[in-house]
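Please keep the sequence and the structure in view while reading.

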Amino acid sequence: MSVDPVASLILDEAGPLSGRVFVLDDVDGALTREAVRQGADVRAWCDDVRDQAQLPRAHVFDGLGSEDWVPDTVLWRLPRAVSAVEDTAETLACWLRPAGRVVAGGRTKHMTPAQNDALGRAFHDVRASLGRQKSRVIHATGAHPVHPRWPMRRHLPEVDLTVVARGNVFHTNRLDDGTHLLLRTLGRILPPPTGPTPPPTRGIAIDFGCGSGIIAAWLAVRGFAVSGIDVSQQALQSTRMTAAVNHVSVGTRRSDGFGRTPAGGADLIVSNPPFHRGAAKDSTPSLEMIERAGDVLRPGGELWLVFNSHLPYLPALRRHVGVTTIEARDRTYLVTRSLKQPESPED
């Protein structure tokens, strides 16, 4: 099986692998399989459940930072976001012994000096390799625990919520323009509760691609029983923290798609769906969500989306969900409302 240039360079720069090797965000499992082949004691973890499915199951490890097993070497496919690098580096520095080493690689076009700086907060020695096949590796040694910056907390007065997020989450703890437009628009028919009395129960809602939990918490404040669904473990952790700090309850589920959500199991789905996977643009997960949403909604249920206006979602919404109207738009985004047709009395 061929190894992509980033994984190939990480393995070459790491040299012979022995002892305890932790593999982080191994998108296709190649690093894990090679470390196992060399006889190392290997454990691996991916934030994205789709990537984790590519790992040899016997080596999947959910105990990032566990005191019971401390690696000698970390092989890491770097994320693009500096916040994600910094957050993970903080965790690794608290976990590794001073002699532990990190070999982290990525595509050169997605790497910046700020990533080196983020690693430098938590490691004494950080150096970059020479580039090869448009890829590069950063070596980090001399772990020294630092006061963690992540997760970070921020109050968002625009939606009257406090958000807590890990560094690997879309827009971290900030309010992106699309979500802001979506919630301003939805707020016309779902105003915030007034007074000390909790709002009446409105039904079951799903925040698909919940990220930091802004939409999920916003819906919970308004009386919905909310489930947040995301492929990212750090997103679900962020959603739970955001719910807790706003004194609401939100269930979370790590899933690629709606998973085991039953047919007719939701009254409302609200989403700012992703159209990237890593650095690559990919609308497939959002189109698959739209296709399944018609089954997940009860008759009369609604799907509210915000998305970049150039994306081809409108025909799919009308075909798979039902009557779809554009509720708001600006120079970049559309907010749509799709109604699943209620059952006729004869049905």
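The side chain of T239 reaches the backbone nitrogen of G213, the distance being 3.3 Å. The model in which this contact is found is a predicted one, and every value below is computed from it.

T239 sits in helix α8, which runs over residues 233-245. Because its relative accessibility is 1%, and buried means under 20%, T239 counts as buried.

**Strand β3: T73 and W76**

Strand β3 contains both T73 and W76. T73 has a relative accessibility of 5% and therefore counts as buried, while W76 is buried with a relative accessible area of 0%.

What is W76 in contact with, once its neighbours within four places in sequence are left aside? The list comprises I10, L24, D25, V85, T88, A89, L92, V102, V103, A104, G105 and L119.

| Residue | Element | Relative accessibility |
|---|---|---|
| T239 | helix α8 | 1% |
| T73 | strand β3 | 5% |
| W76 | strand β3 | 0% |

**Helix α1**

I10, one of the contacts of W76, belongs to helix α1, which covers residues 5-14 and in which V6, A7, L9, I10, L11 and A14 are buried. An α-helix has 3.6 residues a turn, so residues three or four places apart point the same way. The cover over the buried residues of α1 includes α2 (30-37), β3 (73-77), β4 (101-107) and β6 (135-143). At the N-terminal end, α1 is capped by D4, of which a side-chain oxygen lies 3.2 Å from the backbone nitrogen of V6. After α1 comes G15, with a positive phi near 75 degrees.

**The protein as a whole**

The secondary structure comes to 10 helices and 17 strands. For 347 residues a compact globule would have a radius of gyration near 20 Å, and the 22 Å of this protein agrees with that expectation; the C-alpha trace spans about 70 × 45 × 40 Å along its principal axes. Buried residues account for 51% of the 347 residues. Of the contacts between residues at least 6 apart in sequence, 65% join residues at least 24 apart.

The accessible surface comes to about 16,200 Å², and carbon and sulfur atoms hold 50% of that area. As for charge, the protein carries 40 positive and 38 negative side chains, and the centres of these two sets lie 3 Å apart.

Technical notes
Residues numbered from 1 in each chain as written. Predicted model: local features only at pLDDT ≥ 70, side-chain atom pairs only at ≥ 80, totals over all residues. Heavy atoms only, no water. Buried < 20%, exposed > 50% of the residue type's maximum accessible area, 1.4 Å probe, protein only. Helix = DSSP H or I, 4+ residues; strand = E, 2+ residues; numbered from the N terminus. Contact = heavy atoms within 4.5 Å. Polar contact = N/O pair within 3.5 Å; in protein donor to acceptor, adjacent residues only side chain to side chain. Rg over C-alpha atoms; globule rule 2.2 N^0.38 Å. Areas by Shrake-Rupley, 256 points an atom, 1.4 Å probe, with all protein chains shown as cover. Lys, Arg positive; Asp, Glu negative; His and termini not counted. Charge placed at Lys NZ, Arg CZ, Asp CG, Glu CD.
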